[in-house]
Each structure stands twice: as C-alpha cells, then as structure tokens.
Amino acid sequence: MAAFPGRGASSSSGVSWPRSPPGSSLSAALGWDVLPGLQIRSRSVEQTLVPLVAQITTLINHKDKPKRSDKTLKAIQQVGQAVNLAVGRFVMVGEAIARENQELKGEMNIACTEAKQAGETIAQLTDVAIFDHPESDGQITIFTDKTEVVKAARLLLSSVTKVLVLADRIVIKQIITSRNKVLVTMEQLEKVSSFQEFVQIFSQFGNEMVEFAHLTGDRQNDLKDEKKKAKMAAARAILEKCTMMLLTASKTCLRHPDCESARVNKGAVFHRMRLALEQVIEIVTDSRFSGENEPGPVSIYTGVKEFKNKVEGLRDNLYLLTKENLRAMLRVVLEHTEDFTDSAYTSHENRERILELSKQAKMELEQLVSAWMYAQNQKKKNVTEDLEIAILKMCQCMNELQRELHSAATSVAADLINYHSDHLVLKALKICGAEGNIDAVAEHSSKLSEQKEQLIEMCHLLRHVSGTEPLEITCLHAENTFHVTGPQIISAAETLTLHPSSKIAKENLDVFCEAWESQLSDMSLLLREISDVFERRRGEKRAYLSLPRPGKHNANLKALKPVRLDSEEQAKLGKLGLELHKLTSRVDSEFEKWDDPDNEIARLGHSLSSIAYSMYLFTRGEGLLKTTQDLFEQAEAFAAEGLKLTSALLAFSNQLEDDDKPLLLQEIDKMVPAYQQLQVTAKTPAQGKTATFTKVDACIQKAKYILDVLAQVLPLSCKLLRKHKAGNRHLRAHRPWRENGLHAVAKEGSGLTGRSDSFGIKSLEQHVASLTFLENK
C-alpha cells in the first residue's frame, strides 16, 4: 500500500498548525487557521508539511518591489514549479491510497483535486512566460499583489492537510484491525481443549502479534508527544513479555486442567494483555474507552515545577494568583513528602533533612507572601527588591528539597535493587516447588510478597523524583509490573508444587521468574536515567541514524521484504535484544568515567554503542531498522566502526610503556577476529525463514560478544590515559597517539571503512532532503 514517510501519521483527530510555524510572515499572511483546533501529533506529518511550508514561505516572503530582475523572477518561477511538481507526486500517492480504501475514496479524491488545482494555480501565478515585459531596462513588473498567491497557498495547505488526516485514519484503522484480529485469536486460545488445536491457533496468534508489534512500533516512533510515546512503550513491553507467559500458562492449564492455580495464572495473563491492547488503541485514537478522565497521580516533581513556575511568574504579574492558591500548592507538595518521611526505607538523616526543609519552605513562603502583599498594597507594577530576594530564596529552598528527596529515593532504590539482585527467593521457590514442599513454598511466597511491596514502594518514590513525565510513566509501569507479576509467580509456584514432576509447570514458573528478574534489571537502567536527568546529563539513549531506510528507498523492494518470525523466534530475539541493551548501557556507563568525551576512542566507542542500540530496537520492532536486511547492513556498519576503534586502540597501545600493555593487547586481539567474523556473517546470503533468523541471531550474538570485550577494554584504557595526563611516564614522548597511523588491520577492513563513511549523517541528511512529500513504500 502506498504510504507516507514513517507510516504513522497523526492521530485520528488530525493535524494542526504550530503556534509559531516556519516563517513568521507566512503566519501573518495565511493566518494559520486553515484547519483550526487541530494538532500535529506525529513527526512524519510535520516532516511532510515543513518542506511545503518552507517553499510557500519563499513565495510569500518576497520583497514588495514593483521592479524585479529576470534572475529574481526565474527564481520565483522555479519555486512555483517545484511546489507544483511536489504536489503532483503527493497527489499520486493520495490517489493510490484512495483506490485501495474505498470508504475514504470520495473524501480523498476531493482533497487531492483541491491540492492539484492549488499547485497548478501557484505555478501559473509564478510563470514568467505569461507576462509581457520591456527589455530596455531588464526589469519587469510582476507579482505585486500577493492576494491570489496567498489564497492558493491556503487552499494548498488545507487540502494537503486533509489528505494527511485521511491517510492517518487509514494507519489507525490498520492498527485497530490488527488489534481486533489478535483479540479474536486470543478468545480462541482461551477456549481450546487440546494441544493440537492450541499449537495451530498459537502459531497464528504469534504471527498476528508480530504484525501488531511492527505497526505499533512505527506509531510509537512517530509520536511527538513524549508521554504518549512512553505509554505506548509500556503497553508494548507488557504485550511482548506476556506473549511468552501466555504460551506457557496455557500449556500448563492444558496439561493440568483441574488445577485452580494454573487457571488463575492463565486468566491473569489474558486479562493483562487485554488491558495493554486497549491502552494501545486509546493512545492511537486519542480517546479513553474505559472512561478514565481523571488525571494521573501527581508527583512531587510535577508539583514543585508548577509551584516554582507560579512563584517566578510573580515577576511578570503581581496579581497572577492569590496567596491562598500558592499556599495550597505548597501544602500539596509537602503532603507528598510524607511518602518519604513515612517510609521505613528512608534513612534517619534523609528523613530529618526532609522535615527540616519542609519547615523552612513554609517559612520562606510566608516571607514571600509578606513581601508580595506589601508590593500589592503599594500598587507596585514591577517586582520590588525584597520580593525578588524572597522569590530567589523560595526557589532555592524548593531546589534543596528536591535534591534531598532525589537522594533519598535513589539511595533506597540502589539498596533494594542490590539487595534483591541475587534472586534467592525465586530460586528457593523453584527448588521447593520441584520438591512438592507446600509449606516451604508458602513461606517463600510470603517473602516474595514482602519483596513485592518493597519494590512497589521503591517505584513510588522514584516516580516522585523522576524528573520527566515519560519517566514518571515508566515508573508507574514498573510499579504495576511488580504488583501483577508477584502473584503470578506465586500461583505458578503453587501449580508446580501440586505437580512437581511436570516439565511444563516448571517451564511456566521459569518464565514468570524471568519476567521479574528482567523488570528488576530494568530498574537499574531506569535509576540511571533518572539520575542523568536530575544531574542534567544525557537522559535518553540516542538511536544510531547513519542508515537511510533501504526498505523505503531501494529499488529492489522484494529483496528487502521483512521475514516474519514466529512467536518463539520473536521471544528469543527479544531476550537477545535485552542482553544487548544491558551491554550498551554498561559500555555507556564506562564512557561516563572518561574525562575527555571527545577522545578518539570514546567517540568511536559511543558510535558502536549507538549502532548496537539501534539493533536492540529492531528486536523490539522499533526504531529505524524495519527489515532483516536493514539489520544486516547495520551489522556491517558496526563492524566498520569497530575496525576504526581497534586501529585507534592499537595506535594508543603502541606508545605505552606500562605493565598493563600486554593485557590491553590481549583484549584488543579478541576484537579483531570478532569484527571480521561479523563482516562475513552480515554479508553471507541467507535463503529462507530459518536461515534468515539464524543469521539475525548470529549478528546480534557477535555484537554482544564485541560489546562485552569492549566493556573490559574501556576501564583499562581510561586508567592508562589518566596516568598519562597525570604526568606519569606511560606514553612515549613522540607524536600523540591520536595522530599515529592506522594499524595493519585497518587496511584489511579498508573496504568496509569506506562504506561506513557513505552511511554517515551527512549522507542521510542529503537523502532526506531529496525526498518528495509523499512516497510509495
């Protein structure tokens, strides 16, 4: 089907113009009320409109001079023709969509006709050839009245937007249709009574879930609203993990149909998946089917942010709000701090300091109110010196309170994550369940319930200090995961206790325990992200963007057709991806210890980590890599960057005179053949589904191995570099290592290195710049 760049357009309510669109005079000329009340909700729609807006802005912004040179007129004519040609390509795609979607054919054709007419009108109004002009002075009178051009431009923008809105409705329809297919198959899975029937239906279910994952992954990447993106990510994470849970829970129920705990376990999985599916639809349609119109729980981060904004707003308007409003806002914030002071896990020092700062905040507010009321009584229009000082002291106090709360929450989280990282309770449940020891399972189930409450409280405290709304949503997702998974593990353990020789019951318990362990591992990453945001470091991993999307722009589309994976393959790929994600985070954490982020080794290492992260996103059905061919080309880029990094490390080691040099060389020697093997694997053709999956698996496994070695090399390299900077004699005095020639291994990979350069950011920008507004996929 013909589609727009990114596949996900706006949500069902359409798009609207930004308050400050590109080109201020365009805003004034067109009024930007073409389709009032709508919002641009997706990046692809925005990127489609921006070039068109820019070209029209060029026409509208021309200087109002009665005389223009031929050169200027030809430039205007070229812009007009460019607009018309682009609109023509745009309309072709719109008409193709109309032919494939009969229910929207009428509306789409009308919008396309309007767009085509507007484009042709703009081309005519800017056509120099239709004007007679004297040749004597080389000047011409043309285009002095912008009225017709503005009118045509408004019609064009309106019709183009209508096409985008209609196309977006089709994208949403695809997601809803996919969801409905999943729901129907889920109902069938719930009712099956034989293994043969279950296997057949689950195979279909797996394919439908993969399709749904790709559609929603595209949509998630396309969303502009970070809160919606985080909610979509949470819902998709639930579906990803629950797919394997559904498999083992259903098989256990089929094997032991009279077991109540097995039925409870299975029912909980189905219920959670349905809730996640509903949440996805609520996000893409921008509606709440469940009728939940209440806002989410307020965090201290949000409360403090709003309170400080109001306080600082007094500088511009002394009559912005009442003192009662300000006192009420602070009271709500301080009430939330009781979550910390009442927690059994908050240290005595943190608790005392929080109480002290809360008391100080009340005093500072009264000082602020006093200075504020005085300024109002004196009929002051601007902030007084006393009030300015009171505002600064109030904000400083709130900042200190936030810092103390952050310290308390992250300390509790770090301690609990470390304390439970050995998973002793889960191991004990597995052992006791396999032994059929009912009393021991009950005892350890009680301990797991206690652990669950501890982790839920940890998530609750972290949410208060998360620092961004998307991270708040991630904390809520983690809290809900622990809340739901704990009882599921217990019911799975009870089933195994009743049937200790059942292999499927044991496998089922293992799957739920893995989900718990995975979530606890994710908490370490989340904790680091929250700290990054608080310390104003990079809080979000950047996806590697060096590859254009070959699936969209390569002429040989059949060769790049994505291979469908079954549910077990997708689950295995997801697990591999999670391991890859952990390694990229580990590598990034090592780089944070480097004093010089612009160091050649650090720069290339960051590049490797970013490429690996894009490969991880592929395993989740997200990111820019949409086909297996995309992944293989990314693996080649990974190998090419790795060879550059190896060359830089070898050049560095050649100047070392240190006992650690042999150890560094030993680790580097592991990397060279690994990169070469990855090159061979990525280039080797794969025919058929099984061979393709094996190749995907091999590429990710080799990338994992390389990152693991890199995580060993980085601390040692950093240590030696610091010794050098401290003045120790660990580097030879001749030219700096960054300027050394490349090691021989670089020559072996020279072909790949050159290819990697062709996939640079500049190449991508040029590629995007040449795109039409709409393309055939």
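Which residues of helix 14 meet which residues of helix 15? In this predicted model, local features require pLDDT of at least 70 and side-chain atom pairs count only at pLDDT 80 or more, whereas totals for chains, interfaces and linings use all residues. Residues are numbered from 1 along each chain as its sequence is written, and side-chain values rest on heavy atoms, with hydrogens and water left out.

On the side of helix 14, the residues involved are Val425, Leu426, Ala428, Leu429, Cys432 and Gly433, and they meet Ala440, Val441, His444, Ser445, Lys447, Leu448 and Gln451 of helix 15, contact being defined as heavy atoms within 4.5 Å. Helix 14 and helix 15 (residues 438-464) pack with their axes 9 Å apart and at an angle of about 160°, where axes are lines fitted to C-alpha atoms, for helices over the stretch in contact, and angles run from 0 to 180 degrees between N-to-C directions. This angle makes helix 14 roughly antiparallel to helix 15 (under 35 degrees counts as roughly parallel, over 145 as roughly antiparallel, 65 to 115 as roughly perpendicular and the rest as oblique).

His423 lies in the loop between helix 13 (385-420) and helix 14 (424-435). The phi angle of His423 is near 55°, a positive value in a residue other than glycine. With a relative accessibility of 16%, His423 counts as buried (buried is under 20% relative accessible area, exposed over 50% and partly exposed in between, with a 1.4 Å probe and protein chains only).

Helix 9 contributes Ile300, Gly303, Val304, Glu306, Phe307, Lys310 and Val311 to the contact, and helix 10 contributes Leu326, Met329, Leu330, Val333 and His336. The crossing of helix 9 and helix 10 is left-handed.

Across the whole structure, four aromatic pairs are found, a pair being rings of Phe, Tyr and Trp (its six-membered ring) with centres within 6.5 Å, stacked if the planes are under 30 degrees apart, edge-to-face if over 60 and tilted otherwise. The rings of Tyr613 and Tyr616 have centres 5.5 Å apart and planes at 50°, so this pair is tilted. Tyr613 and Tyr616 are three residues apart in helix 20 (residues 600-619) and are therefore separated by about one helical turn. Tyr613 is buried at a relative accessible area of 14%, and Tyr616 is likewise buried, at 8% relative accessibility. Elsewhere, ring pairs link Phe198, Phe202 and Phe205 into a cluster. The charged end of Lys695 sits over the ring of Phe632, 4.0 Å from its centre (the criterion being NZ of Lys or CZ of Arg within 6 Å of the ring centre and within 35 degrees of the ring normal).

Ala344, in the loop between helix 11 (338-341) and helix 12 (348-377), counts as exposed at 71% relative accessibility. Ala344 and Gln454 are 110 residues apart in sequence, with a C-alpha to C-alpha distance of 9.6 Å.

The chain holds 26 helices and two strands, taken as DSSP runs (H or I, at least four residues, for helices; E, at least two, for strands) and numbered from the N terminus. Of its 777 residues, 51% are buried.

Notes
A crossing is left-handed if the near helix is turned anticlockwise from the far one by less than a right angle, and right-handed if clockwise.
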